[in-house]
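Q: Hi! Can you walk me through this structure, in plain words please?

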Amino acid sequence: MITLKDIMTGINGELLTPGSPLGLECPAVFASDLMSDVLTSAEPGSFLLTGLANPHVISTCSVADMAAVVFVQGKRPGPEVVEQARAKGLPLIITKLPMFEACSRISALFGGRIHGR
Amino acid sequence: MAGDAVFRQEFPVKGGDFAKAGAVACRIKDLLKELGLDAPIVRRAAIASYEAEMNVIMYAWEGRVKLAVSPGEVRITVDDKGPGIPDVDLAMTEGYSTATPEMRELGFGAGMGLPNIRKNADAFRIESWAGRGTHLEITIHTNGHQL
């Protein structure tokens with residue numbers, strides 16, 4: 001089982017929502033900057049990797065039952081976005097890695113056997 | 001269904017109000033969870049509501065989202081005042097979009113909204129009048145879930 005903490009460590013990430021459950025399981029990953037795609041194709045419970053850092057990401061994740069968000073490429077969301085996520089109990093991580101490298105490292109954590117899109 | 005709904009609520013949506021985008025869908029999701037509906041049903045209703053809410057915000061001047069829940073189904077009705085959709089069949093095509101670059105920068109306008117509403121609904125009806133607005137009816141069966 002790969003957890004939020006494993007992901008954070010694997011991508012040199014920083015947790016933006018202190019108190020989030022580090023043992024939260026990551027069953028699948030969905031990578032996209034298009035919230036339309038998240039609403040259309042992401043599996044509930046997935047971790048979202050995105051380069052978009054606006055409040056719509058949080059609303060989309062809430063509606064689509066995403067379990068956590070990883071902001072790639074150092075895209076730091078504003079404090080209002082972090083507060084919105086905290087209120088909804090949605091863990092946020094930020095990494096300086098670009099999208100492909102972050103996906104690649106997470107895939108390696110799962111030994112290449114993760115279900116991701 | 002119209003007469004036997006055991007729960008009803010109505011929400012206004014203001015065109016162009018991107019700051020509040022998602023507020024109605026999140027409220028509908030919370031309400032359906034509180035009513036004890038199954039998670040997959042709640043998710044489908046929330047996604048369909050969100051897509052419809054975004055369409056009002058992106059394209060219309062104002063709209064109203066009505067939620068009605070009965071023992072057998074969730075019905076979401078959306079009426080907006082706006083430019084309407086000149087060609088509904090074209091708008092229902094995956095990937096067809098008239099979104100502005102600003103909408104796309106927010107992560108929307110991929111031309112998947114209406115098709116995704118249809119995908120998440122058990123029954124979906126759309127009517128639109130050019131220069132007046134659009135009416136959507138989204139029905140999701142609750143698999144006999146008793147409220």
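A: Happy to, and we can go through the confidence, the sheet, the helices and the chain contact in turn.

Q: Is this an experimental or a predicted model, and what are its scores?
A: This is a predicted model. The overall scores are ipTM 0.88 and pTM 0.91.

Q: What's the average pLDDT for chain B?
A: Chain B averages 91, and 95% of the residues score at least 70.

Q: Which elements of chain B have the lowest and the highest mean pLDDT?
A: Helix H4 (residues 101-105) of chain B has the lowest mean, 85, while strand E2 (residues 62-69) of chain B has the highest, 98.

Q: Okay, on to the sheet. What order do the strands of chain B come in?
A: The order is E1-E2-E3-E5-E4 (chain B), in an open sheet of five strands with antiparallel pairing.

Q: Which strands stand at the edges?
A: Those are strand E1 (7-14) and strand E4 (123-129) of chain B. Each has a single partner strand, so one side of each has no neighbour in the sheet.

Q: And how much are neighbouring strands turned against each other?
A: On average by 10°, if you ignore direction.

Q: Remind me, what holds strands of a sheet together?
A: Strands of a sheet pair through backbone hydrogen bonds, and the pairing can be parallel or antiparallel.

Q: How many bridges are there between E1(B) and E2(B)?
A: Eight bridges, with the two strands paired in the antiparallel sense. As an example to look up, Val13(B) has Gly63(B) in E2(B) as its bridge partner.

Q: What about E3(B) and E5(B)?
A: Those two run antiparallel and are joined by nine bridges. Here you can find Val78(B) with its bridge partner Leu136(B) in E5(B).

Q: Then how many bridges for E4(B) and E5(B)?
A: Seven bridges, again in the antiparallel sense. Phe124(B) stands opposite Ile138(B) in E5(B), and Ala123(B) has Thr139(B) in E5(B) as its bridge partner.

Q: How many residues sit between E4(B) and E5(B)?
A: Three residues, and the two strands form a hairpin. In the turn, Gly131(B) has a positive phi of about 85°.

Q: Time for helices! Which strands does H1(B) lie across?
A: H1(B) lies across E1, E2 and strand E3 (73-81) of chain B, and it runs at about 165° to E1(B).

Q: And which strands does H2(B) touch?
A: H2(B) packs on the sheet and touches E1, E2, E3 and strand E5 (133-141) of chain B. The direction of H2(B) makes about 5° with that of E3(B).

Q: At what angle do H2(B) and H5(B) pack?
A: About 155°, with their axes 9 Å apart. That makes H2(B) roughly antiparallel to H5(B).

Q: Is their crossing left-handed or right-handed?
A: H2(B) passes H5(B) in a left-handed crossing. Residues making the contact include Ile47(B), Ala48(B) and Glu51(B) of H2(B), together with Asn116(B) and Ile117(B) of H5(B). By class, the contact of H2(B) with H5(B) has five nonpolar, four polar and two charged residues.

Q: Let's hop to chain A. How do H3(A) and H4(A) cross?
A: Helix H3 (residues 55-63) and helix H4 (residues 79-88) of chain A have axes that come within 8 Å and cross at roughly 15°. H3(A) and H4(A) are therefore roughly parallel to each other, and H3(A) passes H4(A) in a right-handed crossing.

Q: Which residues make that contact?
A: From H3(A) they are Pro55(A), Ile58(A) and Ser62(A), and from H4(A) they are Glu80(A), Val81(A), Gln84(A), Ala85(A) and Lys88(A). By class, the contact of H3(A) with H4(A) has four nonpolar, two polar and two charged residues.

Q: Last topic: how many residues does each chain bring to the contact between chains?
A: Chain B brings 17 residues and chain A brings 16 residues.

Q: Which elements are on chain B's side?
A: Helix H1 (23-34), helix H2 (39-59) and helix H5 (113-120) of chain B each give two or more residues to the side that touches chain A. H2(B) gives the most, with five residues. The residues on chain B's side divide into ten nonpolar, four polar and three charged.

Conventions:
Residues numbered from 1 in each chain as written. Chains lettered and ligands numbered in written order. Predicted model: local features only at pLDDT ≥ 70, side-chain atom pairs only at ≥ 80, totals over all residues. Contact = placed C-beta atoms within 7 Å. Helix = DSSP H or I, 4+ residues; strand = E, 2+ residues; numbered from the N terminus. Nonpolar A, V, L, I, M, F, W, Y, C, P; charged D, E, K, R; others polar. Axes fitted to C-alpha atoms, helices over the stretch in contact; angles between N-to-C directions. Parallel < 35°, antiparallel > 145°, perpendicular 65-115°, else oblique. Left-handed = near helix turned anticlockwise from the far one by under 90°. pLDDT = per-residue confidence, 0-100. Pairing = 2+ DSSP bridges.
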